[in-house]
Every structure is written in C-alpha cells, then in structure tokens.
Amino acid sequence: MLDSTDSLLGSIFSSMPSELSLGNILACAAASVVLGIISALFYMFRNSYTKSFVVTLTLLPLTVQLVIMLVNGNLGAGVAVAGAFSLVRFRSAPGSARDIGSIFLAMGIGLATGMGYIGAAAVFVALTGLLTLIFYLSPFGEARGGEKELKVTIPENLDYTEIFDDLFRKYTNKWELLKVKTTNMGSLYELHYRVSISSLKNEKKLIDQIRCRNGNLNIVCGRVISPREEL
C-alpha cells in the first residue's frame with residue numbers, strides 16, 4: 001500500500017534527463033492546465049474577479065512548468081529564472097492577499113508538474129481548495145459582529161467632543177471617534193465614529209436620538225468597510 005502511494009505521488013521521470021520525451025511533456029502540460037482550471041475555480045469562489053486574471057491563473061502553471069523543464073538542473077539558469085519571477089511582483093499593480101496567494105498556488109502547481117510530480121500537485125490543489133472552502137464557509141477570520149461605521153453631520157456651533165457620549169453609553173458597548181471633517185464651506189462638521197451597537201433593535205433608537213441633537217442633518221450608519229487586503 002505504501003509503495004503504491006509513493007508511486008502515485010512520485011515523479012513520472014525516473015531522473016531529470018537532458019532530453020524529455022514528447023509524451024511526458026504533453027502529460028505534464030495537460031496536468032498543468034487541468035489543475036490550473038481547478039485552482040482558478042477555487043479562486044472564483046465568493047470572490048470578485050476579472051476574466052483576464054482567471055485566464056492568467058489557468059495558464060500560469062503551464063508557463064512555469066515549461067520554464068522548469070528548460071532549466072533542467074542548470075544552476076545558472078535557475079538563478080536567472082528566480083530573478084525573472086521576482087521582477088513580476090515589482091512590475092505589476094498591488095493585488096489583494098487572495099490574488100497573490102492564488103498566484104503562488106499556480107506557480108507551485110507549475111513547479112510540481114515541471115518536475116513530473118503530477119500526483120503530488122493534484123493532492124496539493126485538492127487540499128488547498130478544500131481548506132479554501134472550509135475557511136470561507138466558516139466564520140474563521142471574520143470581523144466581530146455588531147460593529148458599525150457611523151457618520152454624523154452637526155452644525156459648527158456644537159461642541160462635538162462629548163455631544164453623543166451619553167447616547168453611546170446607553171445604546172452601544174463601545175465607541176470611538178475616528179476623525180472629524182469640515183464640510184459645506186466649513187459650516188458643518190462631519191464626525192466619523194466606529195461603534196459596537198449592543199442590540200440590532202437599538203440601532204434605530206440611537207439614530208433617532210442623534211437626529212434630535214444634530215438638527216436632523218445627515219446620518220449614515222453602515223457596516224465597517226475593511227481596507228483592501230494588500231500584501
């Protein structure tokens with residue numbers, strides 16, 4: 001049983017020869033494309049994407065596989081390839097954490113298939129995809145619930161320092177004044193708070209109480225916008 005598992009996860013090349021057969025090249029290329037499609041599908045799950053990026057993720061393993069086969073144990077060529085790959089990061093626009101993680105996954109697939117480890121690459125993609133589904137379907141890593149971003153506009157004649165503190169004590173668990181901005185030619189203040197409302201039923205009560213104090217000016221209450229997950 002152990003021998004069969006080792007043969008499944010092992011390389012289809014007996015060694016890294018100087019000349020590769022057409023059959024082995026085509027087998028690795030087919031595996032790269034199929035696994036690239038699967039990894040792209042996992043990337044598309046609950047994510048915003050563009051067609052160009054998804055197509056790139058699909059074809060990137062094939063490109064990396066070809067490069068690894070051409071290097072073929074040559075140390076100098078390997079260093080040159082590593083330098084070329086490092087330039088890609090600095091010549092491209094910053095991406096989200098998930099974008100960059102998907103690129104590394106595609107490169108890992110190409111590295112594995114380029115060395116002939118098709119079975120290991122398939123297990124690697126399946127395990128990574130399964131963990132992706134588990135983490136995105138579970139509450140793992142989600143922001144704490146109840147937090148809202150509150151924007152309140154008040155007249156310039158009101159002192160904003162503690163104007164709503166008694167209401168926040170009554171309807172929220174905690175609050176924080178993030179920033180103050182003047183608007184309407186300096187005649188109004190726009191206060192940006194982050195509040196943790198104690199109960200969903202208290203949200204309307206809090207807004208109604210604030211309206212009575214700010215002269216029924218604009219109030220915006222919504223979910224906290226997370227910053228783009230750049231690496």
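**Figure 1. Lys-148 and Glu-203 form a salt bridge, with their closest N and O atoms 3.7 Å apart.** Lys-148 belongs to strand S1 and Glu-203 to helix H8, so this pair ties together parts that lie 55 residues apart in sequence. A salt bridge is a side-chain nitrogen of Lys or Arg within 4 Å of a carboxyl oxygen of Asp or Glu. Helices (H or I, at least four residues) and strands (E, at least two) are DSSP runs, numbered from the N terminus. The model is predicted: local features need a pLDDT of at least 70 and side-chain atom pairs 80 or more, while totals for chains, interfaces and linings use all residues. Residues are numbered from 1 along each chain as its sequence is written, and side-chain values use heavy atoms, without hydrogens or water. Glu-203 is buried, at a relative accessible area of 19% (buried is under 20%, exposed over 50%, partly exposed in between; 1.4 Å probe, protein chains only).

**Figure 2. The protein chain contains eight helices and four strands.** Read from the N terminus, its elements follow the order α-α-α-α-α-α-β-α-β-β-α-β. The chain has 231 residues, of which 29% count as buried.

**Figure 3. Further salt bridges are shown, from a total of six in the structure.** Side chains of opposite charge can pair when their charged atoms come close. Glu-149 and Lys-151 meet through their side chains at 3.8 Å, N to O. Glu-149 is partly exposed, with 21% relative accessibility, and Lys-151 is likewise partly exposed, with a relative accessible area of 29%. Another salt bridge joins Lys-181 and Glu-190 at 3.5 Å, N to O. Here Lys-181 is partly exposed at 40% relative accessibility, whereas Glu-190 is buried at 18%.

**Figure 4. Six aromatic pairs are found in a search of the whole structure.** Rings of Phe, Tyr and Trp (its six-membered ring) pair if their centres lie within 6.5 Å; planes under 30 degrees apart count as stacked, over 60 as edge-to-face and the rest as tilted. Among the aromatic pairs is that of Tyr-43 and Phe-53, a tilted pair with 5.1 Å from centre to centre and 50 degrees between the planes. Tyr-43 lies in helix H2 (residues 22-44) and Phe-53 in helix H3 (residues 51-71), so the pair ties together parts that are ten residues apart in sequence. Tyr-43 is buried, with a relative accessible area of 4%. Phe-164 and Tyr-193 form an edge-to-face pair, at 6.4 Å centre to centre and 75 degrees between the planes. Phe-164 is in the loop between strand S1 (147-155) and helix H7 (165-171), and Tyr-193 is in strand S3 (residues 188-197), so this pair ties together parts that are 29 residues apart in sequence. Both Phe-164 and Tyr-193 are buried. Ring pairs also link these two residues with Phe-168 and Trp-175 into a cluster.

**Figure 5. The largest nonpolar core has 14 residues.** Such a core is a set of buried Ala, Val, Leu, Ile, Met, Phe, Trp, Tyr and Cys residues joined through side-chain atoms within 4.5 Å. The members that touch the most others are Leu-150, Phe-164, Phe-168, Tyr-193 and Ile-210. At least two residues come from each of S1, H7, S3 and helix H8 (201-213). S3 gives the most, with four residues.

**Figure 6. A nonpolar patch on the surface includes Tyr-136 and Phe-140.** Patches are made of residues with over 30% relative accessible area and no salt bridge: nonpolar side chains (Val, Leu, Ile, Met, Phe, Trp, Tyr) are joined within 5 Å, like charges within 9 Å. Phe-140 occupies the loop between helix H6 (118-137) and S1, and it is exposed, at 59% relative accessible area. Arg-98 lies over the face of Tyr-136, 4.1 Å from the ring centre (a charge sits over a ring if NZ of Lys or CZ of Arg is within 6 Å of the ring centre and within 35 degrees of the ring normal).

**Figure 7. Met-185 has a positive phi, near 60 degrees, in a residue other than glycine.** Most residues other than glycine have a negative phi. Met-185 is placed in the loop between strand S2 (172-183) and S3, and it is exposed at 86% relative accessibility. Asn-216, which is not a glycine, also has a positive phi, of about 60 degrees. Asn-216 lies in the loop between H8 and strand S4 (219-223).

Methods. Areas by Shrake-Rupley, 256 points an atom, 1.4 Å probe, with all protein chains shown as cover.
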